[in-house]
Amino acid sequence: MSLIEYGLVVAADAAAQMLLSPLLGVVIDRLKSVRIVCIVCSVMFAAGNVFYALLGAFPRGDVKIRVWMMFVARFIVGAGTTINASAR
C-alpha cells in the first residue's frame, strides 16, 4: 500500500463527515426529528465497522481491491459518525 492510498483510506472518514453533515442537517430540519437519522447513522456506523473488521477474511491476492474495500468501509463509518455534527 502506497502512502497516497494510505492517506485516502485515512481521509475517507473525514471526507464522509464533511460531505454528508450539511445534507443530514437539512434532512433533520425537514423531518423535525433527529431520531430516525440517529438510528440510520448508528446502523451505518456499525455496518461500516463490521465490514472493516471482516476485511481480513477476504483473499489477500489483489492489494488494490483491499485498499478500495478499506476506503469504502471507512467512508461508511464516517457517514455513520456524521450525526455527531448534524444533530447539534
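Me: How many helices and how many strands does the secondary structure of the protein chain come to?
Reply: This is a predicted model. Read along the sequence, the protein chain shows the pattern α-α-α-α. Its secondary structure therefore comes, with helices and strands taken as DSSP runs, to four helices and zero strands.

Me: In which helix of the protein chain is confidence highest, and in which is it lowest?
Reply: The mean pLDDT of the protein chain is 88, and 95% of its residues reach 70 or more. Confidence is lowest in helix 4 (residues 83-86), at a mean of 72. The highest mean, 92, belongs to helix 2.

Me: Are helix 2 and helix 3 roughly parallel or roughly antiparallel to each other?
Reply: Helix 2 (residues 35-53) packs with helix 3 (residues 63-80) at an angle of about 155°, and their axes are 7 Å apart. Angles over 145 degrees count as roughly antiparallel. Helix 2 and helix 3 are therefore roughly antiparallel.

Me: How do the residues of the contact of helix 2 with helix 3 divide into nonpolar, polar and charged?
Reply: Helix 2 passes helix 3 in a left-handed crossing. The contact is made by residues including C41, M44, F45 and Y52 of helix 2 and M69, V72, R74 and I76 of helix 3. By class, the residues of this contact are twelve nonpolar, three polar and one charged.

Me: How many nonpolar, polar and charged residues has the contact of helix 1 with helix 3?
Reply: The crossing of these two helices, helix 1 and helix 3, is right-handed. Among the residues that meet are L8, V9, D13 and L19 in helix 1, and V67, F71, R74 and F75 in helix 3. The contact of helix 1 with helix 3 has 14 nonpolar, two polar and four charged residues.

Me: Which residue forms a salt bridge with K64?
Reply: A search of the whole structure finds one salt bridge. Its closest N and O atoms are 2.4 Å apart. The partner of K64 in this salt bridge is E5.

Me: How many residues apart in sequence are the parts that the pair K64 and E5 ties together?
Reply: K64 and E5 form a salt bridge. K64 lies in helix 3, whereas E5 lies in helix 1 (residues 3-31). The pair therefore ties together parts whose separation in sequence is 59 residues.

Conventions: Residues numbered from 1 in each chain as written. Predicted model: local features only at pLDDT ≥ 70, side-chain atom pairs only at ≥ 80, totals over all residues. Heavy atoms only, no water. Axes fitted to C-alpha atoms, helices over the stretch in contact; angles between N-to-C directions. Parallel < 35°, antiparallel > 145°, perpendicular 65-115°, else oblique. Left-handed = near helix turned anticlockwise from the far one by under 90°. Contact = heavy atoms within 4.5 Å. Nonpolar A, V, L, I, M, F, W, Y, C, P; charged D, E, K, R; others polar. pLDDT = per-residue confidence, 0-100. Salt bridge = Lys/Arg side-chain N within 4 Å of Asp/Glu carboxyl O.
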